[in-house]
Structures are given as C-alpha cells and as structure tokens.
Amino acid sequence: MSSPIKVGFIGLSAKGWASSALAPSLLQPSLQGKYDLVAVSTTSEASAKASAEKYGAQVGHQVKAYHGDSSHIAGDPNVDLVVVSVKAPLHKQVVLPVIEAKKDFFVEWPAGANLKETLEIAEAAKTHGVKSFVGLQGRISPVMKKVKELIDSGAIGTVRSSTFIGLGQRELKYWPPVVNAGNAYVMDKKNGATILRLSIGHQLDTLTFVLGDFSNINATATTIYPIATIVDTDGKPTGETLPAATPDHYSISGVLKSGALATIVWRAGYPSTKGRRTMLWEIDGEEGSIRLESDSLPYINMQNPTLYLNGAVVEVEGAETEVIGIVGAAWESYAKREKGQYATIDDAVKNQRLLDAVNRSLAEGKTIVL
C-alpha cells in the first residue's frame with residue numbers, strides 16, 4: 001500500500017468552503033490512508049493555531065500551523081500537496097510560491113482572476129514539473145459519472161442537443177439584488193468571481209467533460225438587477241449599495257464538435273417561489289433522453305440532481321452524500337491519479353478560454369469560431 005499524500009491546507013479557517021466541504025470530504029473515513037493532513041496556513045497566527053488544534057484532534061496527531069505568505073507552508077518538507085482555498089483574486093499570488101517550491105497543488109476554480117493569471121499558473125506548473133488539481137468536481141460527481149456512462153453506452157443513441165437552465169436564487173445572497181457583505185468582492189469584475197466565471201464556468205466544464213468541446217459559441221446577456229443591496233450576516237441592509245459590474249442573465253449556445261447543439265440559460269436574483277425549479281438539464285439523443293432536475297440548487301458541483309432516463313428515475317449510488325460525496329469523489333480520483341477524470345490546470349485554461357470567447361461574443365455581437 002502506498003503512503004498517504006501529506007496535505008498542507010491554505011485557507012482552512014473557521015468558516016467558508018474549505019471548512020464546510022473541502023476538509024470534511026478529505027477527512028472522511030473512505031479516504032483514510034490516502035491523505036494525511038499535516039499542516040494548515042491562514043492569514044493570522046491565532047486563526048492558524050486554532051485551525052491546527054481543531055484538525056489535529058480530528059486526525060489524531062499534531063498539525064503544524066503556519067500563517068502569512070504561502071511560501072512558509074510550501075517549504076515544509078513533510079508536505080506533498082498544498083491545497084489552496086482562498087478567494088479568486090488571491091489565487092495567483094498564493095499558488096505561485098507553492099509551485100516555485102516544487103509542490104503539487106490543488107487550487108479552487110477559477111484558478112486565477114482571468115485567463116492571463118490562469119495561463120501564468122499553468123506555465124509555472126509546467127516549468128517546475130508539478131502536478132495540479134483544480135476544484136471542478138462536478139464532472140465526476142456520482143450523478144454525472146452515471147450520465148456519462150449512460151451516454152457512452154449508447155443508452156439514448158447519438159446526442160443531438162443539450163439544454164440547461166439554472167437559477168442562482170436570491171436567498172443565496174451572492175448576486176444582485178441582495179449580496180452578503182462577505183461576498184461583496186464578487187461585485188468587482190476584476191476579482192474574477194463573476195456569475196460567468198464561477199457559476200457558468202462550473203457548468204461549462206461539466207457539460208464539455210460529458211458531451212465534448214464546442215466548435216463555436218454565441219452569447220446574449222442582460223442585467224435585470226443593476227443595483228445590489230449589501231446585507232449583514234443576519235440579512236439586514238448595511239446601508240451600502242453597489243452597482244452591478246456584469247450581467248446577471250445569460251443565454252449561451254453553440255455547436256459541439258459532435259454536431260449537437262448545446263444551450264445554457266443562466267439567471268440570477270429571483271427569489272425562490274413555489275414551483276420555481278432551480279435547475280433543469282435535458283440531453284436529447286436520437287433514441288432517448290436524459291433529464292436532470294433540482295428544486296434546491298443549480299450547482300452540479302455542490303449537489304446531485306435527480307436523474308431520469310426516458311422519464312424513469314435512475315437511482316445513483318452515492319447520490320445521497322451530496323456535496324461531501326461529490327468533492328470526495330474528486331479527492332479519490334486524484335489519489336488514484338485518474339488522468340482525464342479530475343480537473344487539472346490545463347482544464348482550467350481551456351475553460352477560461354471558452355469564457356473569454358463568451359465575452360468576445362457579447363462584445364462583438366457575433367458567433368465565435370473556436
């Protein structure tokens with residue numbers, strides 16, 4: 001049996017995606033023996049110490065505490081893989097010292113605030129010969145594995161079209177017209193945490209992983225909610241408002257290299273109301289159809305929607321584990337070194353190029369040939 005991958009975790013604080021999903025999925029019993037958390041790093045000495053004590057108790061041994069520059073934890077000779085879970089505008093500055101220390105790395109999607117930064121990270125990884133792993137786990141969730149299996153087996157014949165409709169609900173307080181103060185950074189386009197790059201980027205990765213790449217793409221977008229009211233953790237307005245810097249409604253379509261037509265319609269800001277579905281994805285083949293739907297979240301990287309084949313529910317093993325199982329599947333894939341399954345920095349570059357093509361289509365008002 002091979003030795004566990006020794007993990008150093010940057011950004012593992014008391015709250016956030018790292019503490020609610022990344023760490024719990026990494027430390028679940030099914031991955032014991034495959035990973036070992038040995039170090040954490042946060043912005044302050046106090047938070048780093050608190051995190052190290054908390055997770056040391058969980059893993060049953062001392063966890064080293066680092067704070068400040070990412071080069072400190074990257075320089076630990078006992079660390080094999082550095083996990084970077086910080087906000088998008090900080091990805092590049094945090095991950096580059098890790099790569100320069102010749103450590104393999106995990107970084108959240110979008111792996112940089114824009115295509116230029118993602119390319120810099122990819123070039124550095126190539127130069128220093130390190131392995132990469134990007135948080136685009138939706139592609140190998142239990143449900144999407146089943147969808148790909150059905151399509152590849154010919155269960156619906158040749159795929160002719162794919163139609164996805166998603167809704168980022170108002171209650172999430174992530175997009176206008178209501179934004180939590182902790183998420184206000186998404187309102188600045190240069191931070192790279194827009195609806196297009198975050199929400200749609202995740203979906204485009206899953207779509208192309210399952211159905212193949214686009215040969216051309218065309219996009220239309222509009223802003224329904226031009227102003228965001230900033231609220232505190234209790235949902236009460238702080239008195240601050242911010243202008244929307246990017247659209248909140250997108251319609252993106254194109255022809256895949258297979259010849260199938262693929263469309264994504266993404267909306268944000270509506271309140272959840274009775275009967276309003278947050279996600280519907282229909283994949284039509286010559287001989288049948290696949291449907292995925294959810295009334296809770298539109299994010300395939302965070303939840304397993306209900307799967308139907310020709311109108312009948314398909315039971316999927318592991319679907320009940322939701323986000324922990326989805327992220328856990330990605331950790332499992334990386335531990336097994338399943339190339340072509342878990343996403344790498346090269347996949348992130350490909351997705352960023354596709355999103356740049358969407359923006360070019362919006363700016364130029366035409367179909368972009370890829």
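Colleague: Which residue with a positive phi follows helix 4?
Modeller: That residue is Lys-102, with a phi near 60°. Please keep in mind that this is a predicted model.

Colleague: And helix 4 itself, is it mostly covered or mostly open?
Modeller: Helix 4 is mostly covered, with seven of its ten residues buried. The buried ones are His-91, Val-94, Val-95, Leu-96, Pro-97, Val-98 and Ile-99.

Colleague: What do those buried residues of helix 4 pack against?
Modeller: They pack against strand 1 (5–10), strand 4 (81–84) and strand 5 (104–108), and also against helix 3 (71–74) and helix 5 (115–128).

Colleague: Take Leu-96. Why does it count as buried?
Modeller: Leu-96 has a relative accessible area of 16%, and buried means under 20%, so it qualifies. Setting aside residues up to four places away in sequence, Leu-96 touches Glu-120, Ile-121 and Ala-124.

Colleague: Other positive phi values, then. What is the phi of Lys-173?
Modeller: Lys-173 has a positive phi of about 55°, although it is not a glycine. It sits in the loop between strand 7 and strand 8 and is partly exposed, at 27% relative accessibility.

Colleague: What about Glu-322, and where is it?
Modeller: Glu-322 is in helix 8. Its phi is positive too, about 50°, and it is not a glycine. With a relative accessible area of 32%, Glu-322 is partly exposed. As background, most residues other than glycine have a negative phi, and most peptide bonds are trans.

Colleague: Speaking of peptide bonds, what is omega for the cis bond from Trp-109 to Pro-110?
Modeller: Omega is near 20° for that cis bond. Pro-110 is placed in the loop between strand 5 and helix 5. The bond from Pro-176 to Pro-177 is also cis, with omega near 15°, and Pro-177 is found in the loop between strand 7 (159–168) and strand 8 (178–180).

Colleague: Change of topic. How many residues are in the largest nonpolar core?
Modeller: The largest nonpolar core has 109 residues, and those with the most contacts inside it are Phe-105, Val-147, Trp-281 and Trp-331. Helix 7 supplies the largest share of this core, eight residues.

Colleague: What does Val-147 contact?
Modeller: Apart from neighbours within four places in sequence, Val-147 is in contact with Val-210, Ile-283, Ile-290, Leu-292 and Leu-307. Leu-307 is also one of the contacts of Val-314, along with Lys-146, Tyr-308 and Leu-309, again leaving aside neighbours within four places.

Colleague: Is Val-314 buried or exposed?
Modeller: Val-314 is buried, with a relative accessible area of 18%. It lies in the loop between strand 17 (312–313) and helix 8 (322–335).

Colleague: You mentioned helix 7. At what angle does it pack with helix 9?
Modeller: Helix 7 (residues 196–211) and helix 9 (residues 345–364) pack at about 115°, with axes 10 Å apart. The crossing of helix 7 and helix 9 is right-handed.

Colleague: Which residues make that contact?
Modeller: Helix 7 uses Leu-196, Arg-197, Gly-201, Leu-204, Asp-205 and Thr-208, while helix 9 uses Lys-350, Asn-351, Gln-352, Leu-354, Leu-355, Asp-356, Val-358 and Asn-359. By class, the contact has five nonpolar, five polar and four charged residues.

Colleague: How far does helix 9 reach, and what follows it?
Modeller: The 20 residues of helix 9 reach 28 Å from first C-alpha to last, close to the expected 28 Å. Gly-365 comes after helix 9, with a positive phi near 65°.

How values were computed
Residues numbered from 1 in each chain as written. Predicted model: local features only at pLDDT ≥ 70, side-chain atom pairs only at ≥ 80, totals over all residues. Heavy atoms only, no water. Axes fitted to C-alpha atoms, helices over the stretch in contact; angles between N-to-C directions. Helix = DSSP H or I, 4+ residues; strand = E, 2+ residues; numbered from the N terminus. Left-handed = near helix turned anticlockwise from the far one by under 90°. Contact = heavy atoms within 4.5 Å. Nonpolar A, V, L, I, M, F, W, Y, C, P; charged D, E, K, R; others polar. Expected span 1.5 Å × (residues − 1). Core = buried A, V, L, I, M, F, W, Y, C linked by side-chain atoms within 4.5 Å. Buried < 20%, exposed > 50% of the residue type's maximum accessible area, 1.4 Å probe, protein only.
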